[in-house]
Amino acid sequence: MKPMINGQYLVLMAAFFYGLNPFFAQLLFKEGFGAEMVSLYRFILPAVFFSFFLRTPRAHWNEALRTLVLGIASGISIFGYFHALNTLPAATAILIYYTYPVFSVFIGWIIFKRIPSQNALVSAALVAIAASLTVRPEILPADSLLSVAACFLAPLVVATQVQYLSNPKRRIPTMNRMAWMTIGHIIVLLPIAIWASPVQVLPVSFIGLLSILGIALLAAAIPQMLFMVGAPRSCADKNALTGTLELVIALLTGAVLLGEGIDRLEMTAMVLIVLALFIKQVENKPIAVVAATNT
């Protein structure tokens, strides 16, 4: 039981640091960077560090390849999320991102054959209701359909990562897995950044430099390590729901530090998501109607 508790604490700590992503991203947008450079800076420093751990025994090559593919998918989705964060109302993009517990429940059920508990389904329904409160056509910019679709790609990929990394096919050293994951990010994000031909590549102020270090270390490398160590010691559904605490950090840092307003519907959505987290903490038996599929 002790490893389960320790794993949950590590995932909780990771959620806190991940929640700083929108704050640092918005500081970099104000600095003049586009979504492609913000996405690249988030991963390029960790990739340089973790490249020292790329050496992989032949027995682990298949797992390294699976991790690389997860990293590539994550890089694409993060670019879509930051693009949405730069074009949609910030609270809308953030709340769309944190629908990933809904995707996690159904991906775990359909693909990984992990039967959800009744409480997990109720929690997922609350998160879905919360998202429906925030995606309001009347407040979205014109021609924002692509940004909304790109933003929904991020929770889909995050949910898949949560499910897989909670019980990977083969256990490999955390640093080795992070090396392949970050290389996957760079494989896709570097060409995107080159193709976009950004006007600004380097920070022009001390705040910009600190924001680059913040998004690379505090919001990427540290929480990735905490999650990869903690996730296998817990269960996938708990990992997904615990991660929604990122939402509180993301919205509060935006409101308190950046002066962004949070309206009543967004506040209601935040309360629903936090309520979903606490409901999920009460264990329940899997629903009987599909129990036979796991035997």
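Ser197 sits in the loop between α9 (174-196) and α10 (206-230). Helices here are DSSP runs of H or I with at least four residues, numbered from the N terminus. The model is predicted, so local features need pLDDT of at least 70 and side-chain atom pairs count only at pLDDT 80 or more, while totals for chains, interfaces and linings use all residues. Residues are numbered from 1 along each chain as its sequence is written, and side-chain values use heavy atoms, with hydrogens and water left out.

**Two loop residues to look for**
- Ser197 is not a glycine, yet its phi is positive, at about 45°.
- Lys113 is not a glycine either, and its phi is positive at about 60°.
- You will find Lys113 in the loop between α6 (100-110) and α7 (118-134).

**How α2 meets α10**
- Helix α2 (residues 21-31) packs against α10 at an angle of about 155°, and their axes are 9 Å apart. Axes are lines fitted to C-alpha atoms, for helices over the stretch in contact, and angles run from 0 to 180 degrees between N-to-C directions.
- The two helices are therefore roughly antiparallel; angles over 145 degrees count as roughly antiparallel, under 35 as roughly parallel, 65 to 115 as roughly perpendicular and the rest as oblique.
- The crossing of α2 past α10 is left-handed, meaning that the near helix is turned anticlockwise from the far one by less than a right angle (clockwise would be right-handed).
- On the α2 side, the contact (heavy atoms within 4.5 Å) includes Phe24, Leu27 and Glu31, and on the α10 side it includes Ile212, Ile215 and Leu218.
- This contact has eight nonpolar, four polar and one charged residues. Ala, Val, Leu, Ile, Met, Phe, Trp, Tyr, Cys and Pro count as nonpolar, Asp, Glu, Lys and Arg as charged, and the others, Gly among them, as polar.

**How α2 meets α3**
- The axes of α2 and α3 cross at roughly 130° and come within 10 Å.
- That angle makes α2 oblique to α3.
- Here α2 passes α3 in a right-handed crossing.
- Asn21, Ala25, Leu28 and Phe29 of α2 touch Ala35, Val38 and Arg42 of α3.
- By class, these residues are five nonpolar, one polar and one charged.

**How α5 meets α8**
- Helix α5 (residues 90-97) packs with α8 at about 35°, with axes 8 Å apart.
- From α5, Ala93, Ile96 and Tyr97 meet α8 residues that include Cys151, Phe152 and Pro155.
- The contact of α5 with α8 has nine nonpolar residues, no polar ones and no charged ones.

**The space inside**
- The structure holds one cavity of 30 Å³ or more. On a 1 Å grid over the protein atoms alone, a cavity is a set of points where a 1.4 Å probe fits but cannot get out, and its lining residues have an atom within 4 Å of a point.
- The largest cavity has about 400 Å³ of space, where volume is the space filled by probe spheres set on the points, with grid points joined across faces, edges and corners.
- Of its 28 lining residues, Tyr18, Arg42, Tyr97, Val158 and Gln161 are the closest to the centre.
- Helix α8 gives the largest share of the lining, five residues.
- By class, the lining has 18 nonpolar, eight polar and two charged residues.

Conventions: 1 Å grid on protein atoms, 1.4 Å probe; cavity = no way out; pocket = protein on both sides within 12 Å on 5 of 7 lines; lining within 4 Å.
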